[in-house]
Structure formats: structure tokens, C-alpha cells
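We will go from charged pairs to strands, and then to the inside.

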Amino acid sequence: MKLKFTKMHGAGNDFVVIDGVNQHIDFTPAQWKLLGDRRFGVGADQILLVEKPTEEGCDFRYRIFNADGGEVEQCGNGSRAFVKFVSEKGLTEKRSITVQTKAGVIAPRLEANGSITVDMGAPILEPGRVPFDAEGLHGEQQGRDTLWPLVLELGGARESVLVSAVSMGNPHAVQVVDDVETAPVELTGPLIEHHARFPNRVNAGFMQVLNRQHVKLRVFERGVGETLACGTGACAAAVAGIRRGLLDSPVRVDARGGQLSITWEGEGQPVLLTGPAVTVFEGEMEI
């Protein structure tokens, strides 16, 4: 079939966005992987599929496929691209919509200045629900957070890192580093992603605290590798930093691809993610 798509990005986190409302899409994991391939396909960190909702009260259904072809629960930067896409394509006239995802319902809103705010829901902090296997581990208390030791095997040597386990609909392991530029993201990111303590794998975040409302962040994403930005990773990092007593809301997050703003008022409250979404080009591909 000839597939129509839109290439978009949010702070450098890039997407192929597909209208599944006006064209029938039923691809295999191999076809999703081909779309995400930067040499043989279009190239993207994630492929986003817009569909009609299957839940009453929602405007759309939002499905997310990583570059490795696997479907995942949530993507914060993608949700901003999603709301801009449905607005530009005339699929809705609403500035605020409710969107069904694999992780639950989110509520993105197109702001008057062109930025987009997404209500990402309340973070999941109980280890078993992240999911994270904390059995037999002795956590280290910092503020209201528990830091969990992860043992990594590095070329025959063993190294332990302390992480916060947070889910924003998808799992994150956040650690604080002295300098994100020299942090071993490419070396330890894959080891954390595939660590046995995270049964569904995990996104590995490396956060440098600049002041109480400003951090730098790099994220090694599950099924993707390091990306220029990660919306749910920014949310998880801000939540972890606030719970540790290191940060105050709102938090500016500097990713390699741009800036995001995170607002969180504490346990049980939703995390609000604000940032840009940019349309790059439209295209067609035989698949």
C-alpha cells in the first residue's frame, strides 16, 4: 500500500505520524521497524498512529511504536506532536482533547502561543507497579524518595548505581550525575534498559541538577537508544528530583534537542508537560 505520513519532532525527539482514521493501518512489527529505519525507511524514534477511540468519552486513540517495531505505552513528546497533527489535519476543532493510550487517558492542550501542554496523569511510584522488582534490595532514603541500587556488569567488573523507579505510563530509572555530558549514557544505558529488575525493560535517565528549578537530562530510551529528548523521561526526572528534595516545581528540563517545562504539585497530582511540536514534512511511502 501507499502510506501517507507526516514527519514531526518535539525538541528533537522525532516521529512518523500516521492518520489511521482516514486510512486502514494494520502493520506487523517488521513493517513498523521499517518505517522507523533511518536508512531503509523514513526514520524516527517512534511511529505514532492516530485512530478512532475504542473508549467512550475519548476523542482519539493514540498508539506508539518504537524504532525496534515494539508497541509501547506512552510518549510525552509524541503526545504534543499528536495534538498538533490532529489540529493541522482538521481531525478536530478542539484546542483540548482527551486521548486514549495503552497507559490510560491523557489530555493534551494547544496553547495560544503554539506550545502544547499535556496532562500526563499522576506518576506511579510503587515499585511493583512501575514495574520494578525490589525484592531483597535495601533502598536508600532521600527526602520522600527511595533510591534503589542496580548492579551493572561492566566488562567483568561490577558497578552499582542508585536510581529512582518511576512510571509515567512507561517505566523510568532516573539517576543523578555530576555532568550529563560525560555521563556513560551509551555504556550503561543499555545495561539499565535490560536489567533483570525491570521485567518490561526501562528507560534510563541521567539527570544533572543545575539549580532547584533547572536540570539537564539525557535519556537512553527503551527500544530506541539515546534520543535528543524524552517527554516522559523529563516528567520522571522532575518527579524524582522533587521527591528527593533537590527540585521545586516548575522544572525546566534541558534536553539535547530543546527545552521542556514540567509542573508537578506532589503525590497523587498529575504531571503537566509543556513544550514545542514541529511539523517537518509530509510524504508517501510504499510499504
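**Stop 1: Salt bridges**

The count of salt bridges in this chain comes to 25. Keep in mind that this is a predicted model. Side chains of opposite charge can pair when their charged atoms come close.

Select glutamate 71 and arginine 63. Their side chains meet in a salt bridge, at 3.0 Å from N to O. Glutamate 71 is partly exposed, with a relative accessible area of 31%.

Now select glutamate 267 and arginine 144. They form a salt bridge, and their closest N and O atoms are 3.4 Å apart. Where does each partner lie? Glutamate 267 is in the loop between strand E17 (258-264) and E18, while arginine 144 is in the loop between strand E9 (140-142) and strand E10 (145-154), so the pair ties together parts that are 123 residues apart in sequence. Glutamate 267 is partly exposed, at 39% relative accessible area. Arginine 144 is partly exposed too, at 45%.

Is arginine 243 buried or exposed? Arginine 243 is buried, with a relative accessible area of 11%.

Salt bridges with shared partners join Arg144, Asp145, Arg243, Arg244 and Glu267 into one network.

**Stop 2: A hairpin and its neighbor**

Select strand E7 (residues 104-110) and strand E8 (residues 116-119). They pair antiparallel over four bridges. Leucine 110 has isoleucine 116 in E8 as its bridge partner. The two strands form a hairpin with five residues between them. In the turn, click glycine 114: its phi is positive, about 95°.

Next, show strand E18 (residues 271-275). E18 runs antiparallel to E8, joined to it by four bridges. Look for aspartate 119, whose bridge partner in E18 is leucine 272.

**Stop 3: Inside**

Select Tyr62, Phe82, Val253 and Ile262. These have the most contacts inside the largest nonpolar core, which has 51 residues. Helix H4 (residues 231-244) gives the most to this core: eight residues. Domain 1 (2-120 + 277-286) and domain 2 (127-269) both contribute residues, so the core lies between them.

Zoom in on valine 253. Among the residues it touches are Val215, Leu217, Ala234 and Ile262.

Last, select Val130, Ala134, Val163 and Ala183. They belong to a second, separate core of 21 residues.

Terms used:
Residues are numbered from 1 along each chain as its sequence is written. This is a predicted model: local features need pLDDT of at least 70, side-chain atom pairs count only at pLDDT 80 or more; totals for chains, interfaces and linings use all residues. Side-chain values use heavy atoms; hydrogens and water are left out. A nonpolar core is a set of buried Ala, Val, Leu, Ile, Met, Phe, Trp, Tyr and Cys residues joined through side-chain atoms within 4.5 Å. Buried means under 20% relative accessible area, exposed over 50%, partly exposed in between (1.4 Å probe, protein chains only). Domain bounds come from an automatic or database domain assignment. Contact means heavy atoms within 4.5 Å. Two strands pair if DSSP finds at least two bridges between them. A salt bridge is a side-chain nitrogen of Lys or Arg within 4 Å of a carboxyl oxygen of Asp or Glu. Lists of a residue's contacts leave out its neighbours within four places in sequence.
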